[in-house]
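Keep the sequence and the 3D view open as you read.

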Amino acid sequence: MTRKQRRGVLIGTCLVVLGVAVGLVLYAMRDSIVFFYSPSDIAKMEIAPGQRIRLGGLVETGSVTRDQAPPSTSPPMAQALPVTFTGVLPDLFREGQGVVTEGALQPDGTFKADSVLAKHDENYMPPEVAAKLKEQGVWREGAAAGGVTTQ
Amino acid sequence: MIAETGHYALILALGVAIVQMVLPVIGTRFNDPRLAAVSVPAAQAQFILICIAFSALTAAYVTSDFSILNVWQNSHSAKPMLYKISAVWGNHEGSMVLWVLILALFGAAVATFGSNLPRQLQANVLAVQGSIAVAFLLFIVTTSNPFLRVDPAPFDGQGLNPVLQDPALAFHPPFLYAGYVGFSMAFSFAVAALIDGRIDAAWARWVRPWTLLAWMCLTLGIAMGSWWAYYELGWGGFWFWDPVENASFMPWLAGTALLHSALVMEKRDALKVWTILLAIITFSLSLMGTFLVRSGVLTSVHAFAVDPARGVFILGIMSVFIGGSFALFAWRAPLLSQGGLFAPISREGAWVLNNLLLTVACAAVFVGTLYPLALEAVTGEKISVGAPFFNLTFVPLIVPLLIAVPFGPLLAWKRGDLLGAAQRLTVAALVSLAAIIGVLALHQSGPWLAPLGIGLGLWLIMGALTELATRSKLFEASWAESRRRLRNLPRAAYGTALAHAGLGVMVLGLVATTAWRSERIEALAPGGTVDIAGYQLTFEGVKEGQGPNYKELAGIFQVTRDGQPVTTLVPSKRAYSVEKSATTEAGIHNSWRGDLYLVLGDPLKDGAYSVRAYFNPMVRLIWLGALFMFFGGAVSLSDRRLRVGAPKRAKAKTPTAVAAGE
């Protein structure tokens with residue numbers, strides 16, 4: 001093979017791999033992206049039951065109930081939305097604090113979460129939640145100061 | 001007083017670093033060897049000064065000097081000594097001091113042990129290292145000073161986040177940083193070569209040990225982080241494709257590619273321009289890792305608190321170094337001579353494929369990590385990209401690479417014989433095939449891809465053994481002859497085999513755990529039982545305990561298997577009074593078959609507790625594989641060819657290939 005042909009093979013392989021990668025990324029982008037909403041967003045928007053979304057907000061004080069197979073309801077702020085979750089809640093799940101849950105709306109209007117992410121220490125709040133709280137004017141300055149990283 | 005000494009040393013180090021950055025460049029530019037030689041003592045002095053600063057900070061933590069803001073915020077007198085020390089780098093300011101300490105250590109090593117480097121190259125390398133140090137020292141001194149005082153001094157500290165109080169995490173950041181910062185060596189060498197406009201095989205020979213060392217540290221650092229997440233966070237998972245994790249994984253992927261392309265360059269004088277580019281990319285990704293973690297731009301379960309001043313500063317550092325080095329690359333790379341020829345099917349070709357797939361896979365991770373940030377910045381829409389995205393993109397790109405791995409070392413340089421290599425791999429292929437069929441027969445459950453994954457893991461392990469067998473003519477020559485050959489194989493060959501086998505071991509663990517993990521969530525009252533994966537767990541009740549700086553509520557579970565007692569697991573929830581937060585301590589029973597993983601949840605009605613039990617088959621193979629890779633790197637690093645004799649520079653303008661000294 002000449003130098004030119006060899007270069008051709010090399011460039012061809014690169015293009016094929018790149019093409020496959022771009023295809024995979026685009027395909028994955030279409031199917032496995034999760035959007036983040038607050039309860040008030042959900043009240044305003046039409047979101048089909050079953051579509052996977054993330055829901056973030058504050059756990060309303062006094063709203064958590066635990067059944068034998070422990071689902072808990074955590075209707076967050078301004079617009080309340082009941083959330084059910086089966087499983088063990090994270091250590092830092094507490095009433096009155098910010099959480100992000102992932103799951104889907106049910107036909108009965110509740111939100112069924114299959115994962116609950118709570119903040120990592122008492123000061124940390126998911127930036128998404130913080131941004132929403134600021135928007136809605138219930139942000140307490142300094143509440144998110146001094147978080148901690150695990151790196 | 002100690003703190004002021006540390007602060008002063010830090011500022012002096014900044015001054016020295018500026019000298020180290022400027023004078024050598026002037027010296028090499030105007031051919032003044034005395035100016036260029038300043039780089040050596042400057043690098044050593046910088047290391048000593050940062051050592052003093054770091055020791056001062058450590059002393060403040062050890063003696064619990066709460067008059068220092070940083071100590072007050074992150075330590076507490078009731079904390080065990082190990083965590084007082086690890087708290088030094090368990091926070092932003094201290095971790096940046098550790099970052100520059102490691103940077104200075106590497107620089108001092110080049111200054112001290114690089115006496116057989118060409119003078120000009122050494123001076124330029126140290127100047128580039130000096131410029132990185134200037135940027136980060138400036139960052140520390142202006143935005144993240146760890147030595148700030150509080151007045152009046154508080155009585156006691158606020159404590160370290162309890163989830164960080166853990167042995168694996170105590171050593172996770174130093175290794176991770178040694179990896180990140182270690183790649184700065186490859187970067188400095190690359191930029192020095194670009195400034196020089198000249199590069200040859202000796203260059204690659206100099207870069208390789210540093211890259212290998214950095215890669216080893218990063219491998220171990222990531223593995224420790226993953227292990228910690230596994231047993232400490234109580235979710236039973238080992239990798240979450242979290243942006244913070246991806247931030248360390250991207251430099252690892254690029255660094256792995258760099259390791260291989262530097263090898264091609266050293267042996268065959270090919271892929272020069274690409275290797276330089278890869279060195280720049282690897283360190284850029286390391287910088288980006290630092291930026292992502294330190295600036296708080298990420299939406300992450302363990303994101304850092306937002307502090308825009310710092311974020312903008314690191315962003316500035318990043319733009320200068322990445323932008324500058326790429327500009328330099330665009331300007332100077334055409335000067336570098338093209339290297340040796342090779343056929344597509346050859347060892348070089350295999351390494352090109354390795355590089356191609358690794359960098360593209362890295363790019364896919366990059367897109368998945370940064371796309372949500374970019375989208376939010378542009379449209380304000382918040383999305384999150386989780387594991388499904390990475391499973392769909394990263395896995396299909398990396399699997400062909402894993403299949404190709406055993407072929408690489410069996411192909412000859414320049415022009416390889418694919419059929420010959422395939423014949424040598426027959427045994428390996430048959431073993432993997434048998435395993436696939438065996439697993440299919442045993443486990444009808446689980447995803448259909450899982451048996452193929454097990455086959456892939458075995459294929460990698462057998463492939464690594466095949467290489468050793470081929471090189472020692474095992475079963476071809478006499479046993480004595482093979483033994484002699486095995487003894488005389490270079491250590492690098494064993495290192496390669498060990499690292500590639502480690503990859504296989506890791507694949508086995510990943511596949512088995514992902515495919516056949518079982519999970520039970522139950523509400524258990526004392527006396528209740530739950531069955532999982534052949535184990536029977538009996539809940540005996542809870543007891544309260546008191547640790548050095550926490551209170552705990554522990555559940556006691558008797559574990560039996562076929563009626564035989566196995567062990568008692570005591571998962572607990574700890575409440576740290578100082579930090580006012582809680583952690584989950586999972587109860588884990590390790591065995592080669594897999595881990596029984598138990599988490600005590602919240603109290604329910606009537607004295608019952610929610611309990612989550614996992615069985616993670618063969619999960620420890622994941623970390624065992626990472627250890628194999630680490631030791632493979634270590635064995636390879638101890639190869640005498642990497643240490644002595646070799647680095648003789650090719651004469652300018654005669655780019656002769658270094659004899660491929662296998």
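Helix α3 (residues 39-62) of chain B has 24 residues, which at 1.5 Å a residue should span 34 Å; its end C-alpha atoms are 34 Å apart, so the two values agree. The expected span of a helix is 1.5 Å times one less than its number of residues. Helices (H or I, at least four residues) and strands (E, at least two) are DSSP runs, numbered from the N terminus.

This is a predicted model: local features need pLDDT of at least 70, side-chain atom pairs count only at pLDDT 80 or more, and totals for chains, interfaces and linings use all residues. Residues are numbered from 1 along each chain as its sequence is written, and chains are lettered from A and ligands numbered from 1 in the order in which they are written.

**Helix α3(B) and its partners**

- Ser64(B) follows α3(B) and has a positive phi, near 50°.
- Helix α1 (residues 2-29) of chain B and α3(B) have axes that come within 8 Å and cross at roughly 160°. Axes are lines fitted to C-alpha atoms, for helices over the stretch in contact, and angles run from 0 to 180 degrees between N-to-C directions.
- That angle makes α1(B) roughly antiparallel to α3(B) (over 145 degrees counts as roughly antiparallel, under 35 as roughly parallel, 65 to 115 as roughly perpendicular and the rest as oblique).
- α1(B) and α3(B) make a left-handed crossing, meaning that the near helix is turned anticlockwise from the far one by less than a right angle.
- The contact of α1(B) with α3(B) has 21 nonpolar, 5 polar and no charged residues. Here Ala, Val, Leu, Ile, Met, Phe, Trp, Tyr, Cys and Pro count as nonpolar, Asp, Glu, Lys and Arg as charged, and the others, Gly among them, as polar.
- α3(B) also packs with helix α7 (residues 119-143) of chain B, at an angle of about 35° and with axes 9 Å apart. This crossing of α3(B) and α7(B) is left-handed.
- From α3(B), Ser39(B), Ala42(B), Ala43(B) and Gln46(B) meet residues of α7(B), including Leu126(B) and Gly130(B). Two residues are in contact if their C-beta atoms, placed from the backbone, lie within 7 Å.
- The α3(B) and α7(B) contact divides into 6 nonpolar, 5 polar and no charged residues.

**Helices α9(B) and α10(B)**

- Helix α9 (residues 201-232) and helix α10 (residues 243-268) of chain B pack at about 150°, with axes 9 Å apart. They are therefore roughly antiparallel.
- α9(B) passes α10(B) in a left-handed crossing. Their contact holds 16 nonpolar, 6 polar and 3 charged residues.
- Trp241(B) sits in the loop between α9 and α10 of chain B. Its phi is positive, near 50°, although Trp241(B) is not glycine.

**Other backbone points**

- The peptide bond from Asp151(B) to Pro152(B) is cis, with omega near 0°. Pro152(B) lies in the loop between α7 and α8 (167-196) of chain B.

**A four-stranded sheet**

- An open sheet of 4 strands in chain B runs in the order β2-β11-β10-β9, with antiparallel pairing. Two strands pair if DSSP finds at least two bridges between them.
- β2 (518-524) and β9 (587-589) of chain B are the edge strands; each has a single partner strand, so one side of each lacks a neighbour in the sheet.
- On average, neighbouring strands of this sheet are turned by 15° against each other, direction ignored.
- β9(B) pairs with strand β10 (residues 594-603) of chain B over 3 bridges, in the antiparallel sense. His589(B) has Leu596(B) in β10(B) as its bridge partner.
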